[in-house]
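New notebook page, new structure. I want to look up the sheet, the confidence and a bit of the surface.

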Amino acid sequence: MDCVVTGGNVKVLAKAIHSLSRIGDELYVEPQEDALALRSVNSSRSAYACFLFAPLFFSRYTIPSGHAFRCKMAIKSVQAVFRSLASLEKTVEKCHIELDKQKSRLTFTLHCKHGLLKTHNLSFQDSESLQAVFDKDSCANVFRAQPRLLVDTVVHFPPSLEEVTVAVSDERMWVRNHVDEEAEQSKAMLTELCLASDEFDHFAVGAHNSITFCLKELRGLLVFAESTGLPISMYFDEPGSPVVLSVTDSVLEGDFVLATLSDDPNHRKNNSRRAHTPPPPPPDDFMNDDIDAYLIAMDTSIAPGPSATGPPTPSLARSTFSKQPAAANHKTRIHSEEEEEEEEDEKTDLDRPPNKKFCSLFFGSVLPSSSQMSTQPVTSQEVLASDSEDDT
Amino acid sequence: MKFRGKIIDVACLNHFTRVITTISKLTKMCVLRLTPDNLFFVLSGKVANGGVSMWCELSQANFFDEYQMEGVSSEDNEICLEVTPENLSRALKTVQNAKAVKVKLTKKHCPCLTIAAELPTLSSVSRVVTHDVPVDVIPRRLWHEFKEPNMPDFDVSIYLPPLKTMKNIVDRMKNLSNFLVIEANLNGEMNLKIETDLVSVTTHFKDLGNPPWGDDASQDGGASQSRDPEAMVEARVDIRRLQQFLMGQQVNPSKAMCNIVHQRVVHLILLHEDVSLQYFIPAVA
């Protein structure tokens with residue numbers, strides 16, 4: 001194998017390697033006739049990335065003859081070759097990658113200015129083929145956006161955030177942080193962002209799905225896309241099938257495949273039953289929402305102080321300027337009890353999947369939601385994002 | 001119980017964010033009191049936080065373009081919430097370029113302060129981001145714990161040197177000792193001292209000036225007037241508390257002063273145009 005990368009493409013190659021390093025510890029190299037494949041996978045096999053560089057990316061591209069050659073090496077060693085991106089741009093004229101089969105090593109030679117040669121001999125191991133199974137074309141939901149959009153979205157979430165849930169409807173995409181069911185749900189901060197379809201270059205929704213995947217692993221791709229200016233395409237389907245994010249141009253293709261949290265199979269049955277009632281369109285009147293819409297049924301604070309004489313409920317009734325009758329509060333509480341009973345009943349029929357429950361809790365308004373929610377008067381409360389599942 | 005505020009002005013948003021970020025550096029959790037005119041961030045001195053207490057007062061009109069609240073009842077027209085200021089700070093920091101930011105008390109899976117921002121986009125529809133920060137409602141029977149602290153019957157009141165200078169000194173002193181002595185007199189002199197078995201280090205400040213109330217605001221009027229202006233009063237405090245206070249300050253206050261009750265407490269007061277912050281550090285033996 002004998003390849004030469006020149007000029008600006010050296011930096012592109014370096015960036016690809018850096019973004020692969022965000023996925024796994026090992027770099028899988030497979031030179032093929034139609035492209036050089038650089039791949040990485042994480043230890044739990046829940047994230048996979050692959051960069052394919054076409055022969056035109058290189059100024060010289062020769063692959064080993066004979067049987068297909070595959071190897072893997074520690075990605076940190078390869079990163080060390082391309083350590084400083086800034087200096088790469090300024091000083092490296094070309095990068096020569098050569099295979100030495102006898103010594104089991106790949107030699108990276110950086111030809112720098114002033115005749116300086118930096119040679120790195122990196123040992124490799126033979127490896128099995130690494131190829132994730134995915135089919136972008138069969139995905140129901142396809143999006144494409146400028147990297148800036150996704151970077152601006154991701155900035156709202158803390159860097160330590162593991163998982164994020166993406167939900168789509170015909171015109172909108174919601175991105176929010178996913179809080180583990182087992183974790184202390186009540187104390188977690190929830191962040192949600194809503195993107196409109198016209199912010200994307202392409203927005204095709206086949207199924208109103210909602211998927212949850214690890215955000216951390218994606219950041220590598222975002223950095224790559226932002227620096228190369230390539231638009232990012234996103235493909236996904238049902239929860240449980242992987243989400244694919246890719247960047248392409250004429251000489252390279254990068255695909256990041258991330259596993260998504262799967263739902264209980266019973267949940268899908270539930271979904272199809274409710275599929276007949278479409279979700280209400282999310283209200284766009286962010287700027288017009290009224291304080292009156294936010295009534296809170298506070299239990300703890302209405303403990304009577306020393307001066308108060310009456311029972312708790314009168315203080316609610318005193319909220320005179322509320323558009324909702326104060327009685328509504330009381331009524332909703334009763335309804336919530338009924339709801340809970342109904343929820344119990346439902347429980348006996350199907351195993352209420354935790355994921356689904358979390359979804360509906362988040363998108364619901366005042367009270368823990370269930371499919372009975374729509375009958376509640378309190379739905380006049382503005383919901384910034386409706387449940388992407390047909391769960392009103 | 002309702003609360004809804006809206007900030008439109010970008011400078012106000014920035015300032016508000018900085019105040020909350022400062023608070024978040026001082027304490028992990030604190031109480032937010034909302035009244036029709038003000039917001040207060042309160043930390044009551046408890047053993048758990050080393051006896052330190054904090055009182056930060058903001059006039060709502062200086063930050064919010066719209067502000068509506070309705071307290072627990074018409075007699076107690078106030079809302080008391082326990083919050084984690086770091087969550088608020090994080091949420092606000094990401095929306096500095098918003099067209100408008102709303103802060104609302106909502107009930108999601110639990111009571112929350114929801115920060116909803118409308119972000120500018122190239123498309124026709126604004127991008128909306130919401131952060132739901134869980135809060136705990138403080139019942140009325142506990143409100144007495146979060147009242148404005150009384151001005152202590154201090155012995156000396158003095159203006160502080162530039163906070164940055166103090167911070168640099170305290171940072172270095174922290175490497176040598178866990179306790180620091182702050183002493184000051186009515187002659188505008190202040191010393192920061194540490195003393196260990198091996199070394200003692202003192203930094204002297206002169207000509208700091210003493211706030212005028214030092215004479216008449218002190219409850220013990222007679223005694224303070226007869227105090228020898230050269231006589232130093234002192235308090236020995238945990239250096240980390242002082243460092244924490246200095247670390248969090250992001251903006252130079254218009255006035256910064258320190259009241260010392262001899263061997264009892266150090267009372268730090270920072271006044272900005274629209275925010276006042278008081279921090280009490282108890283003295284240790």
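I started with the open sheet of chain B in this predicted model. I found 9 strands in it, in the order β10-β6-β2-β3-β4-β18-β17-β16-β11, with antiparallel pairing. Where are the edges? The edge strands of chain B are β10 (136-137) and β11 (156-159), as each pairs on one side only.

Next I picked one pair from inside that order. In chain B, strand β4 (residues 53-59) runs antiparallel to strand β18 (residues 275-282), and 6 bridges join them. I looked up one partner by name: B:Cys56 has B:Leu277 of β18(B) as its bridge partner. A reminder to myself: strands of a sheet pair through backbone hydrogen bonds.

Then I checked confidence. The model scores ipTM 0.80 and pTM 0.71. For chain B the mean pLDDT is 87, with 95% of its residues at 70 or more. Which parts of chain B have the lowest and highest confidence? Helix α5 (residues 221-225) is lowest at a mean of 47, while β14(B) is highest at 94. Over residues 214-224 of chain B the pLDDT is below 50, and I noted 12 contacts for this stretch beyond near neighbours in sequence. Low pLDDT means the predicted coordinates should not be read in detail, so I left it there.

Last stop, the surface. B:Leu176, B:Leu198 and B:Val199 make a nonpolar patch of about 320 Å². I followed B:Leu198 to the loop between β13 (190-195) and β14 (200-205) of chain B. Is B:Leu198 buried or exposed? B:Leu198 counts as exposed because its relative accessibility is 84%, and the cut-off for that is over 50%.

Technical notes. Residues numbered from 1 in each chain as written. Chains lettered and ligands numbered in written order. Predicted model: local features only at pLDDT ≥ 70, side-chain atom pairs only at ≥ 80, totals over all residues. Heavy atoms only, no water. Patch = residues over 30% accessible without salt bridge, like charges linked within 9 Å, V, L, I, M, F, W, Y side chains within 5 Å. Areas by Shrake-Rupley, 256 points an atom, 1.4 Å probe, with all protein chains shown as cover. Salt bridge = Lys/Arg side-chain N within 4 Å of Asp/Glu carboxyl O. Helix = DSSP H or I, 4+ residues; strand = E, 2+ residues; numbered from the N terminus. Buried < 20%, exposed > 50% of the residue type's maximum accessible area, 1.4 Å probe, protein only. pLDDT = per-residue confidence, 0-100. Contact = heavy atoms within 4.5 Å. Pairing = 2+ DSSP bridges.
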